[in-house]
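Please consult the sequence and the model shown below.

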Amino acid sequence: MRKLYVLSTLTAGVLLTACAAKPPIVAQNKTVVVNDQTIIFGGIYDKEKKKLQLTANGDAIMQGQFPPMTPTQHLNAKYKGMAVKGDCYFGSVLGDQGGAFGVVASIVQSAKNSTADKCDIFIDGEQKETLYF
């Protein structure tokens, strides 16, 4: 009987721990055709670690981590001979801050219509698409 109690307690603990870890936010893939090449852009944002990764055709080509109180990331890469840039703004980085700062940040962002978590994708200096998270 004691073994059953210990086993069920451990199982419940493992399940609760697994549920506590939040899955990353995945951007909807966007397809771009440049120089007769089809590129599918995507992205993953780990909210707990504030880590962002952008992909092209499934390959991680850019990544960065948001510093404290900084909602922007400017990522650069070369992909198939093209200059690729991700200009990202994540309002949730500030809005998720606790206390009065988080409330004030959310209000200011709402007033500026800048609450979305997004990355504008540029290829060779020209904006091609926007990924929303």
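V26 has I44 as its bridge partner in β3. Strand β1 (residues 25-26) is joined to strand β3 (residues 37-46) by two bridges, and the two run antiparallel. Two strands are taken to pair if DSSP finds at least two bridges between them. The model is predicted: local features need pLDDT of at least 70, side-chain atom pairs count only at pLDDT 80 or more, and totals for chains, interfaces and linings use all residues. Residues are numbered from 1 along each chain as its sequence is written, and side-chain values use heavy atoms, with hydrogens and water left out.

Strand β2 (residues 30-34) also runs antiparallel to β3, joined to it by five bridges; K30 is bridged to F41 of β3. These strands, β2 and β3, form a hairpin with two residues between them, and N35 in the turn has a positive phi of about 50°. Strand β4 (residues 51-56) pairs with β3 in the antiparallel sense over six bridges, and T55 in β4 is the bridge partner of G42. The hairpin of β3 and β4 has four residues between the strands, and K50 there takes a positive phi near 55°.

## The four-stranded sheet

An open sheet is formed by four strands in the order β6-β7-β8-β9, with antiparallel pairing. Its edge strands are β6 and β9 (126-132), each of which pairs on one side only. Neighbouring strands of this sheet are turned by 20° against each other on average, direction ignored; the axes are lines fitted to C-alpha atoms, for helices over the stretch in contact, and angles run from 0 to 180 degrees between N-to-C directions.

Six bridges join β8 to β9. Y132 in β9 is the bridge partner of K118.

## The disulfide

The structure holds one disulfide, defined as a pair of cysteine sulfur atoms within 2.5 Å. C88 and C119 form this disulfide, with their sulfur atoms 2.1 Å apart. The pair links distant parts of the chain, 31 residues apart: C88 lies in strand β7 (residues 82-90) and C119 in strand β8 (residues 117-123). The torsion about the S-S bond of C88 and C119 is about 110°, so the disulfide is right-handed.

Both C88 and C119 are buried (under 20% relative accessible area, with exposed meaning over 50% and partly exposed in between; 1.4 Å probe, protein chains only).

D87 is found in strand β7. Its side chain makes a polar contact with the side chain of H74 (2.8 Å). A polar contact is a pair of N or O atoms within 3.5 Å; within protein, one must be able to donate a hydrogen and the other to accept it, and residues adjacent in sequence count only if both atoms are side-chain atoms. Not counting residues up to four places away in sequence, D87 touches Q73, H74, K118, C119, D120 and F122, contact meaning heavy atoms within 4.5 Å.

P68 is found in the loop between β5 (59-65) and β6 (72-79). With a relative accessible area of 70%, P68 is exposed. The C-alpha atoms of P68 and K50 are separated by 9.1 Å, and the two residues are 18 residues apart along the chain.

## Overall composition

The protein has three helices and nine strands, where helices (H or I, at least four residues) and strands (E, at least two) are DSSP runs numbered from the N terminus. Along the sequence the pattern is α-β-β-β-β-β-β-β-α-α-β-β. Of the 133 residues, 34% count as buried.
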